[in-house]
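Student: I'd like to learn how to read a protein model feature by feature. Could we walk through one together?
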Amino acid sequence: MMENSNQRLPEKEVLGLLSGKNGEDPFPLFAQLREIGPVISIPSPLPGTNHQAWMVTRMEEAMQLLKDHTHFTVDQSTIEGQVDIRKGNSDASAPPTFLTGKSMLSVDNPDHKRLRRLVSKAFTPRYMESLRPRVQKIADELLDQVIDKGEMDIVKDYAYPLPINVISDMLGVPQADQGKIHKWSSAIAHGLGLGRKEPGVAEQIKAFGEYIAKLVEDKRHHPSDDLISQLIAIEEEGDKLSIEELLSMISLLIFAGHETTSNLIANGTLILLDRPDQLEKLKEDANLVPSAVEELLRFNGPATIAGPRFATEDIEFAGQQITKGDMVIPILKSANRDELIFADSEDLDVTREIKQHLAFGHGIHSCLGAPLARIEGDVAFSTLLKRMPNLRLSVPRENVNWEFTLSSQGLSSLPVAF
């Protein structure tokens with residue numbers, strides 16, 4: 001399908017979206033972009049580049065892009081003559097993190113397969129399911145703390161602490177450090193966008209990296225039954241995991257293990273409160289919660305885009321001539337509203353049967369923790385609706401503000417009463 005030349009690309013809005021500075025509801029823009037075409041040229045979000053950039057707006061083409069590791073790569077440095085955009089976030093004196101070092105996000109096979117295999121044993125669906133009682137215990141304990149007050153902040157009291165407790169247990173991160181991790185994660189999520197870096201973010205990334213390095217050093221001397229200790233043992237065997245890969249891996253697991261799931265729980269709660277008919281269906285039939293979680297992920301999942309891909313050679317893609325080195329960006333939230341795939345795609349339907357969505361990505365780089373996120377979402381919503389069936393906003397709706405960033409869309413606060 002060729003780009004519809006009769007439609008004018010809203011360049012200012014697109015650049016605002018990609019820089020993470022566009023705080024408006026993005027979905028009308030996504031619908032407009034899908035009308036223009038499934039793969040459309042956009043102004044490059046990176047300064048000083050001669051290469052074209054492209055945006056993929058529809059499901060079929062996004063899936064094709066995410067599966068094609070021959071013609072498109074996440075590792076820009078493997079393309080002759082290219083400079084890796086991640087180096088703009090690096091500090092030579094700072095320990096590596098997933099933003100600056102070698103992580104599963106930034107390499108393709110064979111390195112990606114090796115790195116993913118090292119942690120995949122800890123992320124099997126069976127192991128994730130074994131965590132359900134622990135997730136349930138944490139959810140109940142969090143609600144126990146507020147149940148007598150008759151009100152709480154969903155973000156601060158529930159959506160944030162639940163997943164960070166779970167991932168901290170898995171990794172062996174001390175509970176006392178969770179506040180610091182939240183501060184760093186928030187700064188990174190809100191301070192970075194394609195082609196921009198807010199002042200002070202480099203310091204936050206460095207502090208996060210230094211914390212991970214110290215944590216690893218502590219675990220070397222005092223190993224325990226947690227994933228970080230297991231990864232250190234692998235690294236010490238040699239030839240499987242370098243120290244740079246180890247630090248990048250742990251920082252990625254900590255960041256990805258709570259930031260997006262927190263947003264799923266908080267955003268999903270607001271979306272349901274905005275749609276009382278859908279909320280009533282869940283209250284009446286708790287068996288609908290797993291399908292509701294999938295629909296919430298499709299309707300407004302945590303990740304706006306997947307990491308940019310770069311063309312490894314000249315190729316025709318969806319009727320467009322892509323040149324070697326061009327950046328191609330899959331817009332997950334747009335693909336998940338594709339009218340060609342989903343009937344009434346702009347509507348939330350908790351009974352919808354979904355065969356495929358892209359909230360967790362697709363292909364080899366799909367989210368490793370997706371099974372855990374689904375369990376956390378299932379437990380979080382089931383427990384909330386069971387114990388607080390009269391849940392309602394305790395502030396005017398117009399006082400609830402979205403925080404729109406490149407990597408995620410979340411809420412700073414969601415006061416409710418019950």
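Student: How many bridges join strand 7 to strand 10, and do they run parallel or antiparallel?

Tutor: Good place to begin, and keep in mind that this is a predicted model. Strand 7 (residues 309-311) and strand 10 are joined by two bridges and run antiparallel. If you look for R309, its bridge partner in strand 10 is V328.

Student: Which sense does the pairing of strand 2 and strand 10 have?

Tutor: Strand 2 (residues 53-56) pairs with strand 10 in the parallel sense, over four bridges. Here W54 stands opposite V328.

Student: What should I keep in mind about nonpolar side chains in general?

Tutor: In soluble globular proteins, they tend to be buried together. In this model, the largest nonpolar core has 92 residues, and F123, M152, Y158, L162 and L231 have the most contacts inside it. Helix 17 (residues 370-387) gives the most to this core, with nine residues. Apart from that core lies another of 21 residues, including V56, A311, I315 and F342.

Student: What is F123 in contact with, leaving aside its neighbours within four places in sequence?

Tutor: F123 contacts M128, M170, L227, L253, L368 and G369.

Student: How is a pair of aromatic rings described?

Tutor: By the distance of the centres and the angle of the planes. The structure holds five aromatic pairs. One of them, F27 with F30, is edge-to-face, with 5.7 Å centre to centre and 85 degrees between the planes. Both residues lie in helix 2 (residues 27-36), three residues apart, about one turn of the helix. F27 and F30 are both buried.

The pair of F98 and F255 is tilted, at 5.1 Å centre to centre with 35 degrees between the planes. F98 lies in the loop between strand 3 (72-73) and helix 4 (111-120), and F255 in helix 12 (residues 243-256), so this pair ties together parts that are 157 residues apart in sequence.

Student: Why does F98 count as buried?

Tutor: Because its relative accessibility is 8%, and the cut-off for buried is under 20%.

Student: Where does the charged end of R298 sit?

Tutor: Over the ring of F342, 5.0 Å from its centre. R337 lies over the face of F299, at 3.9 Å from the ring centre.

Technical notes. Residues are numbered from 1 along each chain as its sequence is written. This is a predicted model: local features need pLDDT of at least 70, side-chain atom pairs count only at pLDDT 80 or more; totals for chains, interfaces and linings use all residues. Side-chain values use heavy atoms; hydrogens and water are left out. Two strands pair if DSSP finds at least two bridges between them. A nonpolar core is a set of buried Ala, Val, Leu, Ile, Met, Phe, Trp, Tyr and Cys residues joined through side-chain atoms within 4.5 Å. Buried means under 20% relative accessible area, exposed over 50%, partly exposed in between (1.4 Å probe, protein chains only). Contact means heavy atoms within 4.5 Å. Rings of Phe, Tyr and Trp (its six-membered ring) pair if their centres lie within 6.5 Å; planes under 30 degrees apart count as stacked, over 60 as edge-to-face and the rest as tilted. A charge sits over a ring if NZ of Lys or CZ of Arg is within 6 Å of the ring centre and within 35 degrees of the ring normal.
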